[in-house]
Structures are given as structure tokens and as C-alpha cells.
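Me: Could you walk me through this structure, one piece at a time?

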Amino acid sequence: TFIVSISTTFWAARGLYRKLPLDLDRDLAPVTMFPSGVAASAVPREAPSPPPRDFIGYARRNKVTVGTGAPASLPHMIADTLGRTRGVDVEPVHYKGEAPMWIDVASGQVTAGFGSHQAMLPHLQRNNLRAVATWGGARTPRMPEVPLFQELGFTDPIFRLEGWMPMAAPAGTPDEILRKVADAAVEGYATPKLRQLHETFGITTGPTGLDETRRRWKDESPQWITLADR
């Protein structure tokens with residue numbers, strides 16, 4: 001009846017695959033968008049690599065590998081953007097999920113990793129990783145000292161995007177049902193239990209109402225499709 005998945009499934013997939021089994025605009029009706037939390041780049045605690053401000057110069061002199069939790073993910077597209085727009089070789093290394101990726105980043109098997117704060121948290125707590133930059137529109141309260149990529153001069157549109165987990169229903173579902181479910185998601189975020197859970201992961205925003213969902217779906221999906229198509 002409903003589907004909840006990552007932004008790549010709904011938007012970027014249209015630039016990644018020649019043919020899909022459904023028309024994601026025609027066959028689905030957006031309901032709400034759940035925030036997926038802080039996303040950051042991290043390096044081994046004792047990494048010889050410099051901070052992101054000097055990343056491009058370092059990449060011109062050294063082989064750079066960047067771990068991602070999956071091909072075609074937002075971290076993959078960010079790694080690709082860094083290499084393609086700056087004329088350096090940034091090789092993405094794809095894993096089946098973030099857990100094995102962060103283990104290899106912490107041990108120095110790859111130069112850096114791009115992924116979620118939730119997944120890297122155990123390594124940060126053990127002091128095995130050093131977070132160096134986050135992407136999105138605002139610094140996270142979980143790592144207020146870590147700058148945004150934008151603050152370091154990386155102003156490409158992709159660094160402003162934030163990952164979401166959209167919920168959708170079959171096209172033709174009555175508006176009153178869509179609005180009722182979206183309102184329930186917003187109301188649920190206001191409960192102390194969910195707010196505490198979100199704070200644990202540095203999530204500062206809640207699910208979107210139906211009207212905002214439709215606006216963001218319309219405004220942001222073309223950006224994801226364009227980035228994936230490159």
C-alpha cells in the first residue's frame with residue numbers, strides 16, 4: 001500500500017537506468033519525506049591526508065579512494081563530482097552497506113569514506129575516525145565543530161542536497177488519505193520518544209507535510225536525476 005525508500009530509488013534511478021518497470025511520476029503519489037540524518041566524510045584518525053580544503057591538491061599528488069555504502073548512492077555521486085569537476089582521479093570503492101566500509105576507512109584501507117553519522121558513530125566513539133566535513137544546509141549539532149563542504153569552498157549543488165527517505169502511495173490514492181498519513185508522520189515526530197531518537201542521530205528536522213512534500217519532490221527530483229545522469 002505504501003513504500004518508504006531512499007532518494008536514489010525514487011529520483012536518481014531515473015538517470016541511472018535506461019528502463020524502469022514503472023513511471024515514478026505517473027504511478028506514485030508522494031506522501032511525506034523522512035529525514036535520513038547527518039551525512040559526512042571521515043578519514044582514519046591518524047590519516048596523513050589533509051583536511052578537505054586541501055583535498056584536491058592532495059589528490060593531484062596521491063591516489064585517492066573514497067568508500068561508499070553502495071553504487072549510485074549520494075556518496076558515490078559526491079565522489080564522482082569531486083573528481084569530475086576538479087580534474088582529479090577520485091576512485092569510488094563500493095561496499096555492501098556502510099558497516100564494512102567504515103571498518104576499512106578506520107584501518108586505512110581507503111583514503112576516506114562518505115556516509116551517515118549513524119553508521120560511523122561507533123568508530124568516532126572509539127576514536128578510530130575523524131569527521132572532516134558534512135553536506136547539507138546546516139552544521140549538525142552532533143558535530144558542530146565539523147564544517148560544511150560549502151564552507152570549505154565546495155559550492156556544487158550536490159553538496160547542498162540532503163538525503164531523504166520519501167514515502168509514496170499508489171497514484172490515485174485520495175488526497176484525504178495522503179494528507180492523513182502525512183499529518184500522522186508529522187504528529188509522530190512531536191512525541192518525546194521520536195525526538196530523543198532523532199537527537200541521538202543529529203537529525204534536526206522532522207517529516208514533511210503533504211504540501212511541502214509535493215513541493216520538495218517537484219523541486220529536488222530534477223537535481224537528483226541530473227546528477228545521476230552524469
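Me: Which residues of helix 3 are buried?
Reply: The buried residues of helix 3 are Leu 74, Pro 75, Met 77, Ile 78, Ala 79, Thr 81, Leu 82 and Gly 83, where buried means under 20% relative accessible area, exposed over 50% and partly exposed in between (1.4 Å probe, protein chains only). Helices (H or I, at least four residues) and strands (E, at least two) are DSSP runs, numbered from the N terminus. This is a predicted model, in which local features need pLDDT of at least 70, side-chain atom pairs count only at pLDDT 80 or more, and totals for chains, interfaces and linings use all residues. Residues are numbered from 1 along each chain as its sequence is written, and side-chain values use heavy atoms, with hydrogens and water left out.

Me: And what follows helix 3?
Reply: Gly 87 comes after helix 3, and its phi is positive, near 70°.

Me: Switching topic, which residue has a positive phi although it is not a glycine?
Reply: That is Asn 127, with a phi of about 65°, and it sits in the loop between helix 5 (117–125) and strand 7 (129–134).

Me: Okay, how exposed is Asn 127?
Reply: Asn 127 is partly exposed, its relative accessible area being 44%.

Me: What about the sheet, what is the strand order?
Reply: It is an open sheet of 3 strands in the order 1-8-2, with antiparallel pairing, and two strands pair if DSSP finds at least two bridges between them. Strand 1 (3–4) and strand 2 (28–35) are the edge strands, each pairing on one side only.

Me: How many bridges join strand 2 and strand 8?
Reply: Strand 2 pairs with strand 8 (residues 164–170) over 7 bridges, in the antiparallel sense, and Met 33 stands opposite Pro 166 in strand 8.
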